[in-house]
Structure formats: C-alpha cells, structure tokens
Amino acid sequence: MTTPSPTTAATAPGAAFWTELEQALGAQGFARSGADSIPEKYWTDWSGTAPVQPLALVRPRSTDEVSALLRICHAHRVPVVPQGGLTGLAGAAVPVPGCVAVSMERMNAIEDVNARTGLMTVQAGVTLQTVQEAAVAASRVFGVDLGARGSCQIGGNVSTNAGGNGVLQNGMMREQVLGLEVVLADGTVLPMLRPMLKNNTGYDLKQFFIGAEGTLGVITRVLLRLRPAPQAKATCLVAMPGFDEALAVLARMQSRFGNSVAAFELMWNDFVQTSMQWQKLQPAFAEQHPLLALIDVDGKDEASLQDAVEAALGEAMEAGEVVDAVIAQSGEQAKSLWKLREAPAEMTQHMHPPVNFDVSLPQVDIGRFAAACRAAFDVRWPGHHSLFFGHVGDGNLHVTTDGKTIGGEDEALEAVLYGLVQQFQGSVSAEHGIGLHKKPYLPFSRTAQELAAMRAIKSALDPLGLMNPGKVFDGAAGDCAAP
C-alpha cells in the first residue's frame with residue numbers, strides 16, 4: 001500500500017514538558033520512548049504501515065487526564081495521535097515521529113444502559129463486542145457489527161464512521177451516535193452527551209468528529225442508540241447467475257420485507273472457493289455459481305418468517321433470479337452459513353500481504369466495476385489472486401489481492417483500481433477511512449472546494465495542526481497555524 005512518510009516534529013520537547021506531564025499524570029501515567037519502554041503493539045496498526053515508536057505513550061483513565069495531556073501537548077507544540085483498538089486498515093492510528101500516542105484502552109467502562117429508552121453511555125475504549133453483549137443483556141441490539149468486534153473500540157468506530165454487516169438496515173456508525181464527549185487540541189472539553197433525538201440548536205458539532213479519524217480531537221465518551229431486538233430471524237444462502245439478478249433479488253426481498261432485510265452480503269465465486277479452502281468448509285451447493293448472497297431477514301414469528309422467505313425465494317427462482325438456495329433451520333446452521341463470509345479474518349495468514357480495498361459505487365454499477373477490475377488485473381498481473389465481496393446492499397465492495405501474486409506492485413494495483421473508482425464516480429473509501437494510505441486518492445472522490453472546506457474546519461478546531469498530523473491531509477504539525 002502507498003504509505004507517505006509520516007511527519008516529523010520540528011523540535012523535541014524540553015524538560016518542562018516531561019515535568020508537567022508527570023505532575024498531571026503521575027510518574028507511572030506515561031511511558032517514554034527508549035529500549036523496551038513502549039510495547040511495539042502501539043507502533044503501528046493492522047494496515048501494514050511501517051512501525052514508528054512514539055515519543056511517549058499515554059493511556060488515560062479519565063476525560064480530565066485526556067484534557068490535561070492535550071493542554072500540555074498544545075503548550076509545547078507536541079503532536080498527538082489517538083489510538084483505539086489498532087484494527088484500522090488505512091494507517092490512521094500509526095504514530096508519527098515525535099508524537100504522543102494516546103491509547104484509550106483504559107477508558108473502557110460502560111457507564112449506563114437504559115433498556116427502556118434504548119440508550120447506552122460508554123467510554124471510548126470499550127470494545128464493540130462488549131457493547132453488543134451489553135445491548136443483548138438489555139434485550140436490545142447494537143446496529144453496527146464487523147469482524148474485528150472483539151478488538152476494535154467504540155471511539156475508533158466513531159472516528160472512522162465504521163460500517164460493517166448491519167448498514168443496510170441500521171446505517172453507518174453515525175446513525176448510532178446520539179451524543180459525544182470530545183477533547184479538542186488545546187484541552188477544551190466539548191460535552192455533547194444530550195439524550196435527545198431532536199435538537200436543532202445550531203450546528204450539530206458532534207458530526208464534525210464522526211469520521212474525522214482523530215484529526216480534530218479525542219473522543220472520550222459516546223452516547224449510543226440501541227435498537228429493538230428482533231423476535232425472529234431467517235438466514236439464507238442464495239445462488240444467482242449474475243449481478244443483475246442479485247440486484248433483482250435484493251429489490252424483491254426489500255419490497256416484501258422492507259427494512260426487515262438486515263443483511264445482503266454478496267460473494268463472488270473466487271471469494272467463496274477461497275473461503276472454503278482456507279476454513280475447510282463443505283460447499284452448500286452441488287455446483288459452483290458466479291455469485292452467492294447471504295441474506296438475513298428479521299421478523300416477529302419464526303415459522304411465519306421462514307414461510308415468507310421461502311415463498312419469496314420461490315418466486316425469485318421462477319423469475320430466473322435465483323438458481324439455488326438454502327434456508328437455515330436453526331441458529332447453529334445460520335452461524336455455519338455465515339462462516340463462509342468470515343474469510344477476511346484469514347487473509348493475513350494466507351496472503352503475503354493482503355492488499356485491501358473498500359470502495360463504494362453506485363449500486364447498479366458494482367457488477368461492471370468488479371468485471372472491469374478483474375479484466376485490468378488480468379492484463380497487468382496474469383495469475384493474480386484477487387477476491388471480490390462486500391456489503392452490496394449498501395453499495396460497498398471489498399477487493400483484496402494477494403500482494404505476492406502481483407510481484408509486490410501494491411502501488412500500481414492501487415492506481416489501477418482507484419482510477420476505475422474515479423471513472424465510475426465512486427468513493428475510494430466506503431468504511432475504512434483515509435488515514436495514510438488513501439491520501440493520494442482523496443481528490444478522486446472529493447472536489448477541490450470540498451477539500452478546502454474540510455481544511456478550514458481542521459484549521460478552526462486544531463489551528464496548530466497537532467491532532468493526528470499527516471493523516472487525511474498532507475502536512476506536518478504546525479502547518480495549520482496562523483502566521
């Protein structure tokens with residue numbers, strides 16, 4: 001992947017910086033760089049970006065500690081890189097030389113769960129899986145799910161506007177956030193944890209920080225919306241002859257079941273065969289098919305829901321949209337069908353390395369885009385191993401290529417794929433963010449006027465350019481400062 005050089009601090013902080021840090025956090029409240037002092041896990045993330053040891057690592061336990069830290073860093077012009085679960089694939093949590101890395105892992109409390117109103121208040125370091133389990137315990141569900149659920153943190157999910165398997169029904173992370181508490185670069189705390197859905201009192205400031213990848217401030221607490229738990233769920237695996245038929249099936253299911261269609265995960269045959277090989281799974285169908293879709297539908301009664309889904313798929317078969325289908329008869333069988341979609345968890349073990357893309361496109365064009373990518377890859381890298389899959393119900397396609405099968409030409413692969421994204425007028429990032437890796441291609445999806453407005457927001461909230469410098473935009477700490 002393309003990894004532009006991180007920024008460097010202009011000057012190392014003096015003794016006063018360390019004295020103030022110790023006064024605010026205590027002698028054990030931070031670790032300084034040096035032999036074995038900062039564990040290597042904090043030097044990079046899942047993106048494969050070259051590791052960088054930060055100047056210091058701080059793991060705060062409270063919003064007050066975060067505020068004190070940022071106030072000190074601001075006074076001494078020391079850049080700050082917020083870190084969550086370090087599961088990002090765009091390099092947004094990778095330290096830059098001379099920075100303080102701020103890991104939120106100790107701020108991991110669920111402060112309140114209200115089953116009646118469907119609200120949950122959590123600290124930013126709580127893992128997604130912990131939130132999901134707390135929601136289920138309150139007879140509710142949380143609307144975001146993704147493969148790194150056991151490691152990724154809610155603060156990171158908010159900072160990257162995470163997506164995943166539930167977007168079709170519930171929307172992105174943005175739709176799950178009712179309020180935020182954020183600490184700005186100078187230590188100012190913005191308390192935006194108001195439990196009202198309607199609040200038209202000027203700018204909705206929390207929206208600036210959702211998807212900002214830590215470039216505007218540090219998220220410390222989040223007020224989440226929970227959803228009613230479905231009383232019944234039907235899971236089916238459906239085989240289709242082509243992409244147009246897949247869209248027809250999606251339209252048919254949504255026409256019949258509306259927003260109760262909870263997932264529509266599309267897998268091209270290359271992905272299916274690879275997933276079965278890696279995970280030693282048995283095929284669900286006697287023959288291979290161009291496309292398989294995993295579909296979840298919510299309902300109120302198990303038996304009637306199963307009958308309705310079976311009837312809808314029967315109509316789709318008569319219309320030539322579906323070739324074959326399996327409807328799970330138990331929760332265990334449903335988990336078994338979903339296992340097929342979990343191949344991404346195996347990629348780092350089997351690809352050397354995996355070159356990951358998450359793009360979004362006009363839904364009607366996804367099939368043509370996938371075919372164009374495959375054709376372009378075939379011409380440039382015969383024998384490449386590329387997998388196509390994604391949350392196609394919301395327009396999100398994932399492409400992963402084994403770097404070894406393209407001779408390590410990651411940057412050339414990116415240029416080909418993102419060039420096609422630009423031609424199809426799509427987005428270079430559907431849910432993983434920009435970070436370091438996608439900066440060169442951000443103009444493919446944003447106009448110069450939009451980028452200028454984004455830079456103006458950055459300059460207003462972080463005038464010294466200290467928050468996660470070099471991410472999303474080029475530039476070192478201080479580049480946003482007024483002359």
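Tutor: Helix axes are lines fitted to C-alpha atoms over the stretch in contact, with angles running from 0 to 180 degrees between N-to-C directions. The model is predicted, so local features require pLDDT of at least 70 and side-chain atom pairs pLDDT 80 or more, whereas totals for chains, interfaces and linings use all residues. Residues are numbered from 1 along each chain as its sequence is written, and side-chain values use heavy atoms, without hydrogens and water.

Student: At what angle do helix α7 and helix α9 pack, and how many Å apart are their axes?

Tutor: Two packed helices are described by the angle between their axes and the distance between the axes. Helices here are DSSP runs of H or I with at least four residues, strands are runs of E with at least two, and both are numbered from the N terminus. Helix α7 (residues 243-257) and helix α9 (residues 302-318) pack at about 140 degrees, with their axes 10 Å apart. Contact means heavy atoms within 4.5 Å. From α7, R252, M253, R256 and F257 take part, and the residues they meet on α9 include L305, A308, V309 and E315.

Student: Which residues are linked with R252 in a network of salt bridges?

Tutor: A salt bridge is a side-chain nitrogen of Lys or Arg within 4 Å of a carboxyl oxygen of Asp or Glu. R252 is linked with R256, E315 and E321 in such a network. The whole structure holds 20 salt bridges. One of them joins K41 and E105, at 3.7 Å from N to O. Because K41 lies in the loop between β1 (30-32) and β2 (56-58), and E105 in the loop between β4 and β5 (110-114), the pair ties together parts that are 64 residues apart in sequence.

Student: Are D474 and K439 buried or exposed?

Tutor: Buried means under 20% relative accessible area, exposed over 50%, and partly exposed in between (1.4 Å probe, protein chains only). D474 is exposed, with a relative accessible area of 56%, while K439 is buried, with 10%. Their side chains meet in a salt bridge of 2.7 Å, N to O. D474 lies in the segment after α14 (448-461) and K439 in the loop between α13 (410-423) and α14, so the pair ties together parts 35 residues apart in sequence. K458 and D462 also form a salt bridge, with their closest N and O atoms 2.7 Å apart, and both residues are buried.

Student: Which residues does V218 contact, leaving aside its neighbours within four places in sequence?

Tutor: With those neighbours left aside, the contacts of V218 include V66, L70, P82, M104 and M467. V218 is found in strand β10 and is buried, with a relative accessible area of 2%. V218 and M104 are 114 residues apart in sequence, and 9.3 Å apart in space from C-alpha to C-alpha.

Student: What is the phi of L86, and what kind of peptide bond joins H352 and P353?

Tutor: Most residues other than glycine have a negative phi, and most peptide bonds are trans. L86 has a positive phi of about 60 degrees although it is not a glycine. L86 sits in the loop between β3 (80-83) and β4 (100-103). E213 also has a positive phi, near 60 degrees, and lies in the loop between α6 and β10 (218-225). H352 and P353 are joined by a cis peptide bond, with omega about -10 degrees. P353 is in the loop between α11 (347-350) and β16 (354-360).
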